[in-house]
Amino acid sequence: MQIARETLLRSYRAMRTIRMFEERLHVEFATGEIPGFVHLYCGEEASAVGVCANLTDNDTIASTHRGHGHCIAKGVEVAGMMAEIYGRSTGVCRGKGGSMHIADLACGMLGANGIVGGGPPLICGAALSHKTLRDGGVAVAFYGDGASNEGTTLESLNLASVWQLPAVFVVEDNGYGEATGASFACAGTQKARAAGFGMPYIECDGSDYFAVHEAAGEAIAHARAGKGPVMLHVHLQRWYGHFEGDAMTYRAPNEVAEARRDHDCLRLFRERVTQAGLFEDSVLDEVDAAVTDEIEAAVLQAKDDPLPQSADLLADVYVRY
Amino acid sequence: MSKKSFRQAINEALRQEMRRDPTVILMGEDVAGGRGGSAGTADAWGGVLGVTKGLYEEFGETRVLDTPITEASYIGAAAGAAVTGLRPVAELMFVDFVGCCLDQIMNQAAKFRYMFGGKARTPLVIRAMYGAGFNAAAQHSQALYPLFTHIPGLKVVIPSSPYEAKGLLISAIRDDDPVIFLENKVMYDVEEEVPDEPYAIPFGEANLTREGDDVTIVAFGRMVGMANEAADRLAKKGIGCTVIDPRTTSPLDGETILECVADTGRLVIVDESSPRCNMATDIAALVAEEAFDTLRAPIRRVVPPHTPVPFATVLETLYMPSVEKIEAAVTATMNHRVTEKV
Ligand SMILES: Cc1ncc(C[n+]2csc(CCOP(=O)(O)OP(=O)(O)O)c2C)c(N)n1
Ligand SMILES: [Mg+2]
């Protein structure tokens, strides 16, 4: 499939933004200035971006604890995300949510989620809204290999099939749920699970943006056409610990180095588009430079932004009191 | 006797009970950690905060079971194993995750004994972390003990120090009823002298951590330390406080609370759980009903506002009870003047 140049450039920029956002957080977290838990998405960028390149603001996604990549790919403002992570009143959730709860309903981002398996049921509901309101939208649940074992996830696969919802279930399989390998924790296969619930299954290499884009395009088109849910199984590697501070003693010493060497979606993307003569290196370098500036500005701004006020504590528990 | 952290005290209680009784098993997400990992290590984590570290090494995979991320099935499995001969200690990690498995606790484990006409025993312990103070935000910071206390058939334990944690966990494991054992996540590195040998602290027997004549303070878990500090500061101002650590919210040692209130005539309750239908309201009702005539001032509650736990430090600090807030509440009850009715 032909992907428009504009889309490609936007996708490259989104992937680079995620990479730099996360690498910067890794550095900033170590200084102790960032409160709470932070789970980095580095290495998995092509999954969020390849899927979301097939979506519009009218479509809905639900994310996970490892949510920064999905947010950026769906169009959440980087500055507002950074401010949120720093607990500032300018944050997308006004400093009340933090890294694990970034949400922006205006761009169809139903939230990162602190509860593993929290997203898939919500996506059944979002898909039901799209279907009932006939707005042409599709709902996409991102969830990990670990989350694929939660009852909520398995029940959602069934419900989506029973209701023939315009939903896509994206299993982001990075081989680990915390410190436990998927080979230990996941019985059977994702493919057989999809078949068990009567839905089509597609898998792809998550370090290849083009593969993800194509597979997701097919899955989303299927759901959008009213033919029911699809499972998309994306194979990935996580480059950092489960959360910041995890020493990763459960992984072979060379595993991350090899993932960085062989499965770097940004390098693979660049090689492919420059070799095909689609872009000059200099165009991509310009993007890199612009993103570097954007992240730098976001961090400086976040550190400088005002803290929430005491009245904020009591605000927004209910719409009406 | 030696100095041990809250974390070490819990680990030691588990280890000693597992040595004593081969039917005691552990299960939970990454309670060992590393299974299926490319390094081939087991016991990579020993729980997310290292509380069960080393137990896999000693007891092996038949007694320390890593689970997939499936709270409903493994908490339910622990309940099922408990009612059929094992003594499982299941770790739920963050107590907030009870949302994923409440049925197995509330409708299954808690009900067996009564519903089956007294024929079942369910020696199940569910350990979980609770509390705010970590910037862990709304889904990882709740203090849900009132939820469990509300359910007949469950026992609920909230240790306030390393010494308490070891003795209460040993009792929990030996108990034949389902016990929810709640560990404040901010306390794992708190240290104090803890006996090396096993000892059991009975449920339903409150501990007085301070004694004074003017005001009774009831506090739970991490709040006990804050109440002690407030009492020490107030003592310097000439106000004497009795601090009660009930240790368990179910069973609740109402008698000790009523006795102390009879002596002091003033009551402050410190509870970090959401303020509606929490332990503070429960104890206030008990005292209002049973000891109305001994009260010399309105009961005061030091509790968070009725909001989810916010993320940002400034908001989380405002949200939490504190030593200053406890002092202010005690001072307010001392300043209360009864106006005679005409
Ligand atoms: C219901 C629930 N159980 C457990 C956790 C703790 N936890 C947070 S992330 C995680 C691992 C999730 O693994 P996976 O779904 O594969 O996502 P990944 O971290 O690999 O992106 C666990 C167990 C949680 N947040 N919620
Ligand atoms: Mg995973």
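What is the area buried between chain A and chain B, and what percentage of it do carbon and sulfur atoms give? About 3300 Å² is buried between the two chains, and carbon and sulfur atoms account for 66% of that. Buried area here is the accessible area (1.4 Å probe) that two parts lose on being put together, summed over both. Before going on, keep in mind that this is a predicted model, where local features need pLDDT of at least 70, side-chain atom pairs count only at pLDDT 80 or more, and totals for chains, interfaces and linings use all residues. Residues are numbered from 1 along each chain as its sequence is written, chains are lettered from A and ligands numbered from 1 in the order in which they are written, and side-chain values use heavy atoms, with hydrogens and water left out.

Let's stay with the interface. In chain A, the residues that lose the most area to chain B are A:Glu178, A:Phe184 and A:Leu313, together 19% of what that side buries. Counting contacts (heavy atoms within 4.5 Å), 46 residues of chain A meet 43 residues of chain B. No salt bridges turn up between chain A and chain B: the count is zero, where a salt bridge is a side-chain nitrogen of Lys or Arg within 4 Å of a carboxyl oxygen of Asp or Glu. Polar contacts do turn up, with 17 residue pairs across the interface (both at pLDDT 80 or more). A polar contact is a pair of N or O atoms within 3.5 Å; within protein, one must be able to donate a hydrogen and the other to accept it, and residues adjacent in sequence count only if both atoms are side-chain atoms.

Which elements give two or more residues to chain A's side? They are helix 4 (78-85), strand 4 (176-177), strand 5 (180-181) and helix 7 (182-185) of chain A. Helices (H or I, at least four residues) and strands (E, at least two) are DSSP runs, numbered from the N terminus. Helix 7 of chain A gives the largest share, three residues.

Now look for ligand 1, which lies between chains A and B. It has 22 residues around it, with A:His65, A:Arg66, A:Gly114, A:Gly146 and B:Glu71 the closest; a residue is near a molecule if one of its heavy atoms lies within 4 Å of it. On the chain B side, an N or O atom in the side chain of B:Glu71 is 2.5 Å from a nitrogen atom of ligand 1. From chain A, a polar side-chain atom of A:Asn174 sits 2.8 Å from an oxygen atom of the ligand, and an N or O atom in the side chain of A:Asp145 is 3.1 Å from a ligand oxygen atom.

Back to salt bridges: over all chains the count is 39. One pairs A:Glu33 with A:Lys303, their closest N and O atoms 3.5 Å apart. A:Glu33 is in the loop between helix 1 (5-30) and helix 2 (45-52) of chain A, and A:Lys303 is in helix 12 (residues 281-304) of chain A, so this pair ties together parts that are 270 residues apart in sequence.

Two backbone details are worth a stop. The peptide bond from B:Ser250 to B:Pro251 is cis, with omega near 0°, and B:Pro251 falls in the loop between strand 12 (248-250) and helix 9 (254-264) of chain B. A:Gln164, a residue other than glycine, has a positive phi near 50°; look for A:Gln164 in the loop between helix 6 (151-162) and strand 3 (167-173) of chain A.
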